Amino acid sequence: MDNCCASCGQIVLVIVNVLVGLLGLALLVGGCLLKFGSGLIDVNGYIEDTLAEVVLAGIEQSMSGVLDNIVIICIVAGAVILVVSLLGCLGACCEWKIALIIYSIIIFLVLCAEVALVVLVVLFRSEITTNMKNAMNQTLYETYDNKADNPVVIGWNTLFYKFDCCGVNNYMDIDNAKNFTQTNPSFQVIPFCCKEIEFNYPKLTPPPNDPSFNCSKYPTTENSNYMRGCFQSLEDFLGVNQKY
């Protein structure tokens, strides 16, 4: 009976660690793709150039730097989880006591770190969110204009159509930018906030036969993302909008 229970325990431990190892592998591969994969998030580095202009108050670091740090954390966390799961599998399969001891210590430390992280997120999430949103709004206000060769403007436009969003909160953030005027007086929103864009990027004004032309004149929630802000889109993309 004891041997049967011990065997069942070993099998359960191996299965759990295989699943955890797959999770770690997914984090590791996903982080590497985001860090080193060409064109997965950005287009010719334009979005990164734009987010580099968004400096967060208090930590004096750009938003692109913060996002880069998050990706690095995912890579490190994935590698650690993968190694821990391998230790757990080795300890269970080979009854290797040292591996099980190391495994137990690491699991304890990881749990402590997770509890501390959850507490920090709960305590400071609102402040962090407000800080990031204000920094994005200020940068959009200061940098967005009608110059098609401005890499920061190209970055904003790329962000808008790649992430299906418009402005930081909505299209009014663009209208309120200090150096911005519509390229076509009849436009209510910029073409890059439309759901269908076929004209040659990065032109700022589409031809009349382009789907985004009518969308820019008569935006609705069906043909345009004009009411969806990019801050929400980035939150959704990074998965930081989970409910605690």
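Good morning, colleagues. Please keep in mind that this is a predicted model.

I begin with the cysteines. A disulfide is a covalent bond between the sulfur atoms of two cysteines. In this model the count of such links comes to three. With bonded cysteines numbered along the chain, their pattern reads 1-6, 2-3, 4-5.

Let me take the pairs in turn. C165 is joined to C230, with the two sulfur atoms 1.9 Å apart. This pair links distant parts of the chain, 65 residues apart: C165 sits in the loop between α5 (151–162) and α6 (172–175), while C230 belongs to helix α8, residues 230–238. The torsion about the S-S bond is 85°, and the link of C165 and C230 is right-handed.

The next pair is C166 and C193, where the S to S distance is 2.0 Å.

The remaining pair is C194 with C215, whose sulfur atoms lie 2.1 Å apart. This link also connects distant parts of the chain: C194 is in the loop between α6 and α7, C215 is in helix α7, and 21 residues separate them. What is the handedness of the disulfide between C194 and C215? The torsion about their S-S bond is about -100°, so this disulfide is left-handed. C194, at 4% relative accessibility, counts as buried, and C215 is buried at 2%.

One further cysteine deserves a remark. C112 has a relative accessibility of 38%; because buried means under 20% and exposed means over 50%, C112 counts as partly exposed.

I turn now to the surface. Which residues form a nonpolar patch there? The patch consists of I11, I15, V18, L19, L22, L25, V29 and L33, and together they present about 710 Å² of accessible area. One of these residues, L19, is located in helix α1, which spans residues 2–36. L19 is exposed, since its relative accessible area is 55%.

Thank you for your attention.

Definitions and conventions: Residues numbered from 1 in each chain as written. Predicted model: local features only at pLDDT ≥ 70, side-chain atom pairs only at ≥ 80, totals over all residues. Heavy atoms only, no water. Patch = residues over 30% accessible without salt bridge, like charges linked within 9 Å, V, L, I, M, F, W, Y side chains within 5 Å. Areas by Shrake-Rupley, 256 points an atom, 1.4 Å probe, with all protein chains shown as cover. Salt bridge = Lys/Arg side-chain N within 4 Å of Asp/Glu carboxyl O. Helix = DSSP H or I, 4+ residues; strand = E, 2+ residues; numbered from the N terminus. Buried < 20%, exposed > 50% of the residue type's maximum accessible area, 1.4 Å probe, protein only. Disulfide = S-S within 2.5 Å.
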